[in-house]
Amino acid sequence: MATKTGSKPLIAVIVVIALVVVIGVVLFVRGGVAHPANRARVEAEDGYARWSGPFGEEAAARQAALEPVLGEPIGEIWYISCDGIARGGPVPTAQYCDLGVLTTYAVDWSDPHGEIAEMIMVLEGTEATTGDEATAGDGAPWRALPPMEPGGDPRGLVAEAGSNGTAYVFAPGVEQIETGEAFPGPLFLDESITQQTVPDTEPPSGHGHVKIRREVGLSRTNIGCLPSSTLGCGTLLDEASMPRIEGFN
C-alpha cells in the first residue's frame, strides 16, 4: 500500500515558517529577547557608566571657569530623566534617558549686563560636546543669543549649546519649574531621579539668578510595538524603566 511521504517535508516547512513568524511577532512586540523594562534599565545604567565620568569632568571645568565671574553656585542638582517616545506608524516605540546637571548662580542686578556678558564669554570658551556620540551630534559650542528685550535687562535664554545646553537668566523674585517634575508623555509620565550636590539657597537681596543646564544622552532603547487600532505602536511598559544609580533617588 503506497504512503504519502512527500507531504511530510512540506508540513515540516510550514510548521517552521509558522514558528518563525510567531517568534518574529513576539520579538517585534517586545523589542528584543529580554523584557523591555529590564533592557531599558540596563542600557541606561550602561550609558551612565560610560558618560558620567567625562560629563562630570566637563561640568567641573565649567564651574571652575565661571567661579571668578559668578562665584560659587547657590544650588546644583544632577538628574537622570527618562521618557517614552512614539515614533509614529508601525515603528517600535523607544525609551530615551538623559543625564543632566542644573547649576544655579546669583547675579548682581545693580548692573547685570557686564556680568552676564562675561559669563557668556567664559561659557563660549568651555567644552559642551561631551556625549555627541550618544546624542547624534546634538552638542555644540556655547553661543550667545539675541536679548529677548533689546536694550533691557538680560533675562530669559541668553546662551545655548546645541539642543543640550541652556543658560537662563531670571530677574529678582522670578520663580520657575524645577527639574524633577513629572510631565505627561505620549506613552507614560516622564520620570526623573535626582542627586542634590549643592543645597539650594536664595540669591542675596538685589540679585537675580542664572541657571545653566547641560545634558547628555545615556540610552535610546527599543521598547517594542503593541499595535493600536490606528496602526500605531504602543508599548508593553506603563511607566518609565529607571536606572538604579547610587546616590540618585
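**A buried proline and its surroundings**

Mentor: P243 is buried, with a relative accessible area of 5%; buried means under 20% relative accessible area, exposed over 50%, and partly exposed in between, with a 1.4 Å probe and protein chains only. Before we go on, please keep in mind that this is a predicted model, in which local features need pLDDT of at least 70, side-chain atom pairs count only at pLDDT 80 or more, and totals for chains, interfaces and linings use all residues. Residues are numbered from 1 along each chain as its sequence is written, and side-chain values use heavy atoms, with hydrogens and water left out.

Our proline, P243, sits in the segment after β9. Helices (H or I, at least four residues) and strands (E, at least two) are DSSP runs, numbered from the N terminus. If we set aside neighbours within four places in sequence, P243 is in contact with R41, A44, E45, I80, C82 and I193, where contact means heavy atoms within 4.5 Å. A40 belongs in this picture too: A40 and P243 are 203 residues apart in sequence, yet their C-alpha atoms are 8.0 Å apart in space. Across the chain, 75% of the contacts with a separation of 6 or more come from residues 24 or more positions apart.

Let us move on to the aromatic rings. Rings of Phe, Tyr and Trp (its six-membered ring) pair if their centres lie within 6.5 Å; planes under 30 degrees apart count as stacked, over 60 as edge-to-face and the rest as tilted. By this rule there are three aromatic pairs. One of them joins Y48 and F248, edge-to-face, at 5.9 Å centre to centre with 85° between the planes. This pair links distant parts of the chain, with Y48 in helix α2 (residues 36-70) and F248 in the segment after β9 (233-234), 200 residues apart. F248 is buried, with a relative accessible area of 11%. F55 and W78 form another edge-to-face pair, 5.8 Å centre to centre and with 85° between the planes. F55 lies in helix α2 and W78 in strand β1 (residues 75-85), so this pair ties together parts that are 23 residues apart in sequence. F55 and W78 are both buried.

Helix α2 deserves a moment of its own. With 35 residues, a straight helix at 1.5 Å a residue would reach 51 Å, but the end C-alpha atoms of α2 are only 44 Å apart; the expected span is 1.5 Å times one less than the number of residues. A kink of about 45° lies at W51, shortly before the proline P54. The bend at a residue is the angle between axes fitted to the seven residues ending there and the seven starting there. Just after α2, G71 takes a positive phi of about 80°.

Now for C82, one of the residues that P243 touches. C82 has C97 in β2 as its bridge partner, and β1 and β2 pair in the antiparallel sense over eleven bridges; two strands pair if DSSP finds at least two bridges between them. These strands belong to an open sheet of seven strands with antiparallel pairing, in the order β3-β4-β5-β7-β2-β1-β6. Its edge strands are β3 (143-144) and β6 (191-198), each pairing on one side only.

Strand β2 (residues 94-108) is joined to β7 by 15 bridges, and the two run antiparallel. D98 has G217 in β7 as its bridge partner, while D108 stands opposite H207. Strand β5 (residues 165-170) also runs antiparallel to β7 (residues 207-222), with six bridges joining them. Here the bridge partner of G165 is R214, and V169 stands opposite V210. Twelve of the 16 residues of β7 are buried, so β7 is largely enclosed by the rest of the structure.

Stepping back, the chain has three helices and nine strands, which run α-α-β-β-α-β-β-β-β-β-β-β from the N terminus on. Of its 249 residues, 41% are buried.
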